2 protein chains.
Amino acid sequence: MRAAVARAGRMVAADLPEPEPGDGHALVAVKACGICGSDLHTLRHAHHMLDVAEATGVGGAFDPELDYVMGHEYVAEVLELGPATDGVAIASGDLVVSIPVLIAGMELVPIGFSNDFAGGYAERMLLTAGACIPVPNGLDHRRAALTEPMAVGLHSVNKSGIKPGDAALVVGCGPIGLAIVVWLAAQGIEPIVASELSPRRRTLAAELGAHVVVDPREEPIFDAWRRVDGMRSVVVYEAVGVPGILDTVIFDAPSQARVLIAGVCMEPDTIRPLIGVVKEINLQFAFGYDPVEFAETLRAIAEGAIDVAPLITGRVGIDGVADAFDALADPEAHVKVLVEPDAPADLTPLGGTPPGH
Amino acid sequence: MRAAVARAGRMVAADLPEPEPGDGHALVAVKACGICGSDLHTLRHAHHMLDVAEATGVGGAFDPELDYVMGHEYVAEVLELGPATDGVAIASGDLVVSIPVLIAGMELVPIGFSNDFAGGYAERMLLTAGACIPVPNGLDHRRAALTEPMAVGLHSVNKSGIKPGDAALVVGCGPIGLAIVVWLAAQGIEPIVASELSPRRRTLAAELGAHVVVDPREEPIFDAWRRVDGMRSVVVYEAVGVPGILDTVIFDAPSQARVLIAGVCMEPDTIRPLIGVVKEINLQFAFGYDPVEFAETLRAIAEGAIDVAPLITGRVGIDGVADAFDALADPEAHVKVLVEPDAPADLTPLGGTPPGH
């Protein structure tokens, strides 16, 4: 099968052996798989993965120096159920999503970060049959593919402990920052103040529910918050994830601010603890989501409680994934690009609202 | 009057003009004033104060390049009430403590961090009469002088949100770490695991209520916690405050750990956010206490609910403050040294339990 392989720090298209379902597995045909910022990070910063593995055990069996197929934001059609799948709630032909964990024997494999099992940048892949959720309500495959990144946004909002009456400041409107804006708006939080360098993404943030959106080079986000509010308890969502941003937030935030760190900064970063101390800042790092949040996100998309279509800006075939990675370096060009194995190789814009499947 | 003055990064004894009480002030004679680690920090790291002032407004009117008299852990006898003090709850001859803030006209002056008003390393000083609390129960002046640092410990424990059933890990057993141990023990938290390089302070930590105390060079604190518990939710109290310790805690802590940052690291510090993200660490910076916590601390000491005597290891006259600052660089030599204006200059050990006043 065709797959986009991460090899020695670059994306290359290649032919791989067909995956063979083991106990508890579903063999599925990928219909779409979003390209995640963390995939771009992983390709660039593979050397930090060893640090993470040592500290956490996460990704311990994954060697980024060897070939791997990324892709953990997939939606797929079930082709075949493997052995030991009696009683699972899915059948051949179902369109499904799942949390990206493959149970392989006694091992939990993070899908998309494994040398042994392909992620969603491939024609076919293996999923844990018991973890698959059928896509309901005839929801199209493109919106369904946003379940995973939107679940990250929901988890960030949940983990922040924001309450009605608090103000929300979203620093950075990439896919995660925008997902956070969507969930904050769905919860009626006001004001939602967002900052972002890219005009296109600023427009999207406003469309998705931010009440005030600023270019931080023209008006710092905390100034914008003081202009429109300045009184409420502040929850800051840091969704940039580059060195220096954390220190800037700590320096600029009001006393007692809570900062939810959703941006994944792969490099060591420097802060001034004394500033944090005097203001009694709270920093909450957030990661992923739980299975309940994942299922809740799929339901919210399928029922129309949140609209993810504006986030989907392009699609690309497997042979074009390398180009799409390059294109995503420009925040003005795209927000979420979907890899669709049956699409032409070239990266093609989608008009915001994809057709039903 | 005689005072220990911070001048150009050094402590020098000098004669200063007598303070004159303004509206709302009490003129008091200092009986004892603890030397705080933050005073040692301030002397060494005055250049960072501008950063803090810019980010927070705290200390904005304070220029550490000019002379100042530190000392914010004082207990004092009221000599005279100034104008506009009708109805205050104190009278001449009362032994009092107060939160270290002087109301001077429209200004709030942080006592001990001002070029205009002397702190407690002086024979006499001005306090906000309405903020003074008489020391109750005939409590001796030495124990009463521990109100302020013990209030810092209480605030750290309160701010951490620790609950019965959680495990507490105290990293560093200086005065603040030990104060935290005292309050955790008073709240019945178990286990309390503490780490500290100095044998003397390890002995004190155990005496004050820590269940397990380790030398981190022999057994890392998280290993000690896993040995005796390993199951409970973990709250870590970082009470060291040197560069690198935060990253070590984040790297070693279990997933979902909450870290209360009570150590005041004056220098920029480097962390690896990715490790924090994957473990969803929470970092809560804490600073000071509120007036209710301050009063609660005095009451707890006066009623014998907590015992602070073991923390008091020496006293020194005003002319010996410079030597005491040097001595406090050795964690084995002392824990809390009290400046007593009527004591001989030489730093003298106190046997742990001071006599009544």
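Colleague: Where is Ser160(A) found?

Modeller: In this predicted model, Ser160(A) sits in helix H4 of chain A.

Colleague: Is Ser160(A) buried or exposed?

Modeller: The cut-off for buried is under 20% relative accessible area. Ser160(A) has 10% relative accessibility, so it counts as buried.

Colleague: What does the side chain of Ser160(A) reach?

Modeller: Start with the backbone. The side chain of Ser160(A) reaches the backbone oxygen of Val157(A) at 2.7 Å. Then look at side chains. Ser160(A) and Tyr237(A) are joined by a polar contact of 2.7 Å between their side chains. Setting aside residues up to four places away in sequence, Ser160(A) touches Val235(A), Tyr237(A), Arg258(A) and Leu260(A).

Colleague: Which residue's backbone oxygen lies 2.6 Å from a polar atom of the side chain of Thr42(A)?

Modeller: That oxygen belongs to Ser38(A). Thr42(A) is in helix H1, residues 37-44 of chain A. Its relative accessibility is 2%, so Thr42(A) counts as buried. Now the general idea. An α-helix has 3.6 residues a turn, so residues three or four places apart point the same way.

Colleague: How far apart are the end C-alpha atoms of helix H5 of chain A?

Modeller: They are 16 Å apart. Check that against expectation. The expected span is 1.5 Å times one less than the number of residues. Helix H5 covers residues 175-186, which is 12 residues, so it should span 16 Å, and the two values agree.

Colleague: Which residues of H5(A) are buried?

Modeller: They are Gly177(A), Leu178(A), Ala179(A), Ile180(A), Val181(A), Val182(A), Trp183(A) and Leu184(A).

Colleague: What do the buried residues of H5(A) pack against?

Modeller: Their partners in chain A are both helices and strands. The helices are H4 (147-160), H6 (199-207) and H10 (291-302). The strands are S10 (167-171), S11 (192-195) and S13 (234-238).

Colleague: Which residues touch the most other members of the largest nonpolar core?

Modeller: Leu169(A) and Leu169(B) do, in a core of 62 residues. Take the copy in chain A. Leu169(A) is in strand S10. At 0% relative accessibility, Leu169(A) counts as buried. Leave out its neighbours within four places in sequence. Leu169(A) is then in contact with Val193(A), Ile221(A), Phe222(A), Trp225(A), Val234(A), Val235(A), Val236(A) and Tyr237(A).

Colleague: Which residues does a cis peptide bond join in chain A?

Modeller: Glu190(A) and Pro191(A), with omega about 0°. Pro191(A) is in the loop between H5 and S11 of chain A. In chain B, a cis peptide bond joins Glu190(B) and Pro191(B), again with omega about 0°. Pro191(B) lies in the loop between helix H5 (175-186) and strand S11 (192-195) of chain B.

Colleague: What is the phi of Ala84(A)?

Modeller: Positive, about 60°, although Ala84(A) is not a glycine. This residue lies in the loop between strands S4 (73-81) and S5 (95-98) of chain A. Its relative accessibility is 63%, so Ala84(A) counts as exposed.

Modeller: Glu280(A) is another case. Its phi is positive, near 50°, and it is not a glycine. Glu280(A) lies in the loop between helix H9 (273-279) and strand S16 (282-285) of chain A. At 7% relative accessibility, Glu280(A) counts as buried. Gly188(A), which follows H5(A), has a positive phi near 75°.

Colleague: How many disulfides are there over all chains?

Modeller: A disulfide is a covalent bond between the sulfur atoms of two cysteines. The cut-off is 2.5 Å between the sulfur atoms. The count over all chains is zero. Take Cys33(B): its nearest cysteine sulfur is that of Cys36(B), 9.4 Å away. Cys33(B) is buried, with a relative accessible area of 0%. Cys36(B) is in no disulfide either. At 13% relative accessibility, Cys36(B) counts as buried.

Colleague: What rotation superposes chain B on chain A?

Modeller: A rotation of 180°, with 0.0 Å of shift along its axis and an RMSD of 0.0 Å. The two copies are thus related as by a two-fold rotation axis. In chain B, the C-alpha nearest the axis is that of Thr270(B), at 2.1 Å.

Colleague: Why do the copies meet through the same surface?

Modeller: Compare the interface residues. Of those in chain B, 100% are also interface residues in chain A, so the copies meet through the same surface.

Notes: Residues are numbered from 1 along each chain as its sequence is written. Chains are lettered from A and ligands numbered from 1 in the order in which they are written. This is a predicted model: local features need pLDDT of at least 70, side-chain atom pairs count only at pLDDT 80 or more; totals for chains, interfaces and linings use all residues. Side-chain values use heavy atoms; hydrogens and water are left out. Copies are superposed by least squares on the C-alpha atoms of residues with pLDDT of at least 70 in both. Contact means heavy atoms within 4.5 Å. Helices (H or I, at least four residues) and strands (E, at least two) are DSSP runs, numbered from the N terminus. Buried means under 20% relative accessible area, exposed over 50%, partly exposed in between (1.4 Å probe, protein chains only). A polar contact is a pair of N or O atoms within 3.5 Å; within protein, one must be able to donate a hydrogen and the other to accept it, and residues adjacent in sequence count only if both atoms are side-chain atoms. A nonpolar core is a set of buried Ala, Val, Leu, Ile, Met, Phe, Trp, Tyr and Cys residues joined through side-chain atoms within 4.5 Å.
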